[in-house]
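The sequence and structure are shown first.

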Amino acid sequence: QYGFRETLRRMEDFEEKFLKLITRQFERCEIYYTNAAPLYGLISPRSRKMFGIMWSTYYTLFQNIRRHPFMGNTGRARLSSLQRLMLLLRWKCLPCWKLK
């Protein structure tokens with residue numbers, strides 16, 4: 001139906017619109033993480049490690065997706081084994097830190 005040039009132009013238009021949309025969503029997501037981080041200091045000390053593990057895991061995953069916005073086309077976004085190990089060691093072996 002479409003010639004090669006028209007198809008290429010449509011793909012470029014789509015990519016540009018997608019990047020604008022996803023950039024806005026990344027900005028919104030960053031605001032949510034920033035707003036959630038202070039909750040760490042408000043919850044009981046017993047619950048902080050679990051909150052920290054969850055927050056750090058999802059924030060790291062978010063950062064990975066932000067660096068590679070088209071990664072969603074290749075399947076499920078995941079943390080590497082090294083990233084998971086580092087998060088586990090951080091929250092298991094070190095004292096509770098502030099988030100970010």
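C29 is located in helix 1, in a model that is predicted. With a relative accessible area of 23%, C29 is partly exposed. The C-alpha atom of C29 lies 8.3 Å from that of F62, although 33 residues separate the two along the chain.

## Helix 1 against helix 2

Two packed helices are described by the angle between their axes and the distance between the axes. Helix 1 spans residues 4-36, and its axis comes within 11 Å of the axis of helix 2, with a crossing angle of roughly 160°. Angles over 145 degrees count as roughly antiparallel, so helix 1 and helix 2 are roughly antiparallel to each other. Their crossing is left-handed.

On the side of helix 1, the contact is made by F26, E27, C29, E30, Y33 and A36. Helix 2 contributes F51, W55, Y58, Y59, F62, Q63, I65 and R66. Sorted by class, the contact of helix 1 with helix 2 has 10 nonpolar, one polar and three charged residues.

## Helix 2 against helix 3

Helix 2 (residues 45-67) also packs with helix 3 (residues 81-93): the two axes come within 10 Å and cross at roughly 150°. This angle, too, is over the cut-off of 145 degrees, and helix 2 and helix 3 are therefore roughly antiparallel to each other. Helix 2 passes helix 3 in a right-handed crossing, whereas the crossing of helix 1 and helix 2 is left-handed.

In this contact, helix 2 supplies R48, K49, G52, I53, S56, T57, T60, N64 and R67. The residues they meet in helix 3 are Q83, L87, R90, W91 and K92. By class, the contact of helix 2 with helix 3 has three nonpolar, six polar and five charged residues.

How many disulfides does a search of the whole structure find? The search finds zero. A disulfide is a covalent bond between the sulfur atoms of two cysteines. As for solvent exposure, C93 is exposed, with a relative accessible area of 57%, while C29 is partly exposed at 23%.

Key:
Residues are numbered from 1 along each chain as its sequence is written. This is a predicted model: local features need pLDDT of at least 70, side-chain atom pairs count only at pLDDT 80 or more; totals for chains, interfaces and linings use all residues. Side-chain values use heavy atoms; hydrogens and water are left out. Axes are lines fitted to C-alpha atoms, for helices over the stretch in contact, and angles run from 0 to 180 degrees between N-to-C directions. Helices (H or I, at least four residues) and strands (E, at least two) are DSSP runs, numbered from the N terminus. Angles under 35 degrees count as roughly parallel, over 145 as roughly antiparallel, 65 to 115 as roughly perpendicular and the rest as oblique. A crossing is left-handed if the near helix is turned anticlockwise from the far one by less than a right angle, and right-handed if clockwise. Contact means heavy atoms within 4.5 Å. Ala, Val, Leu, Ile, Met, Phe, Trp, Tyr, Cys and Pro count as nonpolar, Asp, Glu, Lys and Arg as charged, and the others, Gly among them, as polar. A disulfide is a pair of cysteine sulfur atoms within 2.5 Å. Buried means under 20% relative accessible area, exposed over 50%, partly exposed in between (1.4 Å probe, protein chains only).
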